[in-house]
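Dear colleague,

I am handing over the structure below, and after it I set out what was found. Please read the notes with the coordinates open beside you.

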Amino acid sequence: DSSLWRSAHKNRINMAFKGEDHLDSLPLPVQRMHLIQVDSVQRWMEDLKLMTDCECMCILQSKPISTEKDEQHELLLSSQYSTCDNLQLLLKRAWIISTELTRIAQKLEKNRWQRVHSMTVRVNCHVRSMINEYNTFTMNSSEEMHQFEKLLIDKCSEFTAFTERCIQTEDEQTLKSMKSCIHETLTTVAQYFGQLIELLLAHEAQNLLRQIELSDSVYITESAISSLFSLTQEGAHLCRIIAKEGGVVALFKICRQDCFRCLYPQTLRTLASICCVEEGMHQLEKVDGILCLADILTDNTHSEATHAEAAAVIAQITSPHLTFTQHLSSFLENMEEIVTALVKLCQEASSGEVFLLASAALANITFFDTMACEILLQLNAMKILLAACSDKHIVDTPYSRDQVVTILANMSVLDQCASEIIQGNGVQLLMEMLFERSSSGNSAEVAACERVQQKSAVTLARLSRDPEVADAAVKLSCIPRLIKLCRSPTERNNSDSVLVACLVALRRLAVISPDGLEDSDFQQLVKPRLVDSFLLCTNMEESFV
């Protein structure tokens, strides 16, 4: 009743402030969903709406409040402007159910029948609420979806009935025999649930893509693309669904229509997200997406924002971490145009973000074809990148420096690169990069700093085959810095990759300037085998005296 409801919620608030979580002391309908082990009022407040909706649905048995056509139409009309919110609600509800199913399996293994039953009731309520909410804001559900909805609801009811019988018996043998049936039913519920969610998300992706393909309105198209982008941020699985439903095709269609030019940046950003999965790459290849990107990058009438987002797509599809590279054959055909446009974008970048996207694309391109490095050399890219590094407003983060030093490291395999480095004062820049440290302590930034140190040492090692570069490095005191990085784990953030790169660079420079090393450094860091010096440095204890 209402007094019990208010009392229970009052108790929960009090417990939250006291830092307690006595779930079993509360009436079953208001037991807390223990999704994340965080005892805070804020978490409770976030979950409150979903939980109260869940209880209301349990009482109403999923019956709609009104069946009047006019009222139903009004409800749908008001919901279409918050498609993104509705999708987020669906995803959150799905996450809750998925988490609860996992926890039920854990409790089942421990034979905690009372908890299994209470959580099963809760899942039953959430499933009904999710289906009712979805049917409220969707307008064209398929027969297949309705069939899966019925299957899931029926199986959840069966599951609840099973667990209820379990708490009514104390016979161990009976419980043991019922456990396998419950486990099988749980597996079936999870399977039906997964299939239903897949259908719902595919259905919503289809609706959004239909809007994008059929609408001539910039406003409607922009809203649909925004919702689609939000979906891509939910993970690779959703990106696969969107790609399978033709998302890449629809978005490139937008990028080929001048009337939607103002939407190009947003469209390209969504494409970059979808192309993180193999299905997205296949679609990009089918619609000549790389040629479209090349056209955008080389068209000077486009805004810098559009060029930057096109560069982001290039950076995504050329990532060296991707295992699927079928698309790269068509990329090679357009590589010279793309590289030329990206170098120009680096040179004319008005912000650090634009430079980062353009340089990241260039860095990735240099990994898979040496021809890219030769093109960069012909375009005086070395000079442009070194000049950009002197502008702290453009190259303003370790992430940007990571891209620049990656390009330098890959270009340093070319013999002509050494003279470019000397002319652009590049050795000084590489020396500065050996001192790269994170200012925030953020793990991603620390990792970027490690990569900068490692790649600058690699570049020095490669370029030191040229006596002029090696001499410049010695004069700039690179040897003492390399020794410091080898001997002091904190200087390299305990990174083994930085250590190996520094040892190699040190050995190269020691050939040119053996007098720059003390005897102990030579005996420990240069003379032994590389692996022995590595083991010696990794076992060093720092002195705090």
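**Helix pairs and local features**

Helix α9 (residues 236-244) and helix α12 (residues 278-286) have axes that come within 8 Å and cross at roughly 30°, where axes are lines fitted to C-alpha atoms, for helices over the stretch in contact, and angles run from 0 to 180 degrees between N-to-C directions. Helices here are DSSP runs (H or I, at least four residues), numbered from the N terminus. The angle therefore makes α9 roughly parallel to α12, a label given to angles under 35 degrees, while those over 145 count as roughly antiparallel, 65 to 115 as roughly perpendicular and the rest as oblique. The crossing of α9 and α12 is left-handed, in the sense that the near helix is turned anticlockwise from the far one by less than a right angle.

In this pair, Arg240, Ala243 and Lys244 of α9 meet Glu279, Gly280 and Gln283 of α12, contact being heavy atoms within 4.5 Å. Sorted by class, the contact of α9 with α12 has one nonpolar, two polar and three charged residues; Ala, Val, Leu, Ile, Met, Phe, Trp, Tyr, Cys and Pro count as nonpolar, Asp, Glu, Lys and Arg as charged, and the others, Gly among them, as polar.

As to provenance, this is a predicted model, in which local features need pLDDT of at least 70 and side-chain atom pairs count only at pLDDT 80 or more, whereas totals for chains, interfaces and linings use all residues. Residues are numbered from 1 along each chain as its sequence is written, and side-chain values use heavy atoms, with hydrogens and water left out.

Helix α5 (residues 113-137) packs with helix α7 (residues 172-214) at an angle of about 20°, their axes being 13 Å apart, and the two are therefore roughly parallel to each other. Their contact draws on Trp113, Met130, Ile131, Tyr134 and Phe137 of α5, and on residues of α7 including Leu175, Lys179, Phe193, His203 and Glu204.

Met382, Leu385, Leu386 and Cys389 of α19 make the contact with Val404, Ile407, Leu408 and Met411 of α20, which gives eight nonpolar, no polar and no charged residues.

Lastly, arginine 481 lies over the face of phenylalanine 435, at 4.1 Å from the ring centre; a charge sits over a ring if NZ of Lys or CZ of Arg is within 6 Å of the ring centre and within 35 degrees of the ring normal.
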